Amino acid sequence: GPTREEVFGKIDELLKTLKESGSTNEAFTAWKEAEFPSKMVNNALIHMYKRIVNIGDEGQRKLALQLVEQLCGADAITQTHCREALARLISTQNNLEAVEGGLLDLAVWSVNTDQVKLAELAEMTEGGSTHPLFFNILQKLAGASENDTLALFKASEVKLLDQLPQALRTEEQLGSLLEEMKLSFLVPLLTIKAELWRQLESNDGAPDAFIAWIRENVGVEHQTDPTFIYALVSNLIRFIVERSGDQGEEKELILRYKTVLKTFLGRDAGLQLCSIYALQVYCFTNQVAKGVLLRWFVNLYEADIVEEQVFLKWKEDVNDTYPGKGKALFQVNQWLTWLQETETDDEEDDDE
């Protein structure tokens, strides 16, 4: 069979033909006639992709990608070839000779022609070493259609935080980036999280005004979304803790915001559980003083914001998503035991 150099030479030749003729037909025939051995097709396509991303003229680049699409349609190359060739280029992005936007165009074309799924593309860029390539791809896709991009994004179940370099991997950084790139529509609740805090500060947290703002600005479908509840409760905890001079004031503020919490948690055990996790994570990440978590548990219980079965469910629930569970349990275990015994006594009284 032909050597790699001979294969690469033929690719260069057919791309030259493509440029001169302005039509894919001759180049397509040249590929077919070359009869590359199956084990060389991958290398041939990688070489072709490397040449394509280095074509300065956008029209020529589009023409070259039309040729690839034609070859896919004729089964001369497969989806697997396209996926592996793109992955190779992305993994060597830092050493790749490419014109500005060359690799971006190739990636967007790969998604649009369904040669690569968005989730597969996300695997190639995960970890942030190629950042901001994945966000640029989303931005370019959104430029054509936000609705289609949102549908693609939802179906892919991609976690955008994993696309950021370690040093930038926070919800705040992600929220700012999405806002800057006009991609907030992908994760609307992230933007809402920052806005909730601004609203609490601007109204000096007037509960009724705060509820009205949420009703007006947060879609009904999001109001029972655990992500929204987590954001709401996290912001309220931070607001109350930062404005409490002492324990008495803390309790007063919790009672003041009881209407907000009751409005959105209601009697939904799942959402109440989510609020306990928000409290757990807040205490863990802010390394609050010992006793604060227990105090909040007691206040939420006595104010009838979180029901006793929910506290007991939290005790047994195994969930690695939220850090700090072990430390939290240690601080409130005695109180939970008391709660469990109280509940058992109540049940026995009811039976008599």
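**Pockets, a helix pair and backbone exceptions**

Helix 14 makes the biggest contribution to the lining of the largest pocket, eight residues. The model is a predicted one, in which local features need pLDDT of at least 70, side-chain atom pairs count only at pLDDT 80 or more, and totals for chains, interfaces and linings use all residues. Residues are numbered from 1 along each chain as its sequence is written, and side-chain values use heavy atoms, with hydrogens and water left out. Helices are DSSP runs of H or I with at least four residues, numbered from the N terminus.

The largest pocket holds about 1,800 Å³ of space. Its lining comprises 47 residues, of which L161, E171, L190, K193 and T227 are the closest to the centre. A pocket here is an open set of points on a 1 Å grid over the protein atoms alone, where a 1.4 Å probe fits, with protein on both sides within 12 Å along at least five of seven lines; lining residues have an atom within 4 Å of a point. Volume is the space filled by probe spheres set on the points, which are joined across faces, edges and corners. Among the helices supplying at least two lining residues each are helix 9 (146-156), helix 11 (188-202) and helix 17 (269-285). By class, the lining has 23 nonpolar, 10 polar and 14 charged residues, where Ala, Val, Leu, Ile, Met, Phe, Trp, Tyr, Cys and Pro count as nonpolar, Asp, Glu, Lys and Arg as charged, and the others, Gly among them, as polar.

The second largest pocket has a volume of about 250 Å³. Helix 4 provides the largest share of its lining, six residues, and the lining as a whole has three nonpolar, three polar and six charged residues.

Turning to helix packing, F297, L300 and Y301 in helix 18 meet E308, F311 and W314 in helix 19, contact meaning heavy atoms within 4.5 Å. The residues of this contact divide into five nonpolar, no polar and one charged.

The backbone has some features worth a look. Most residues other than glycine have a negative phi, and most peptide bonds are trans. H131 and P132 are joined by a cis peptide bond, with omega of about 10°.
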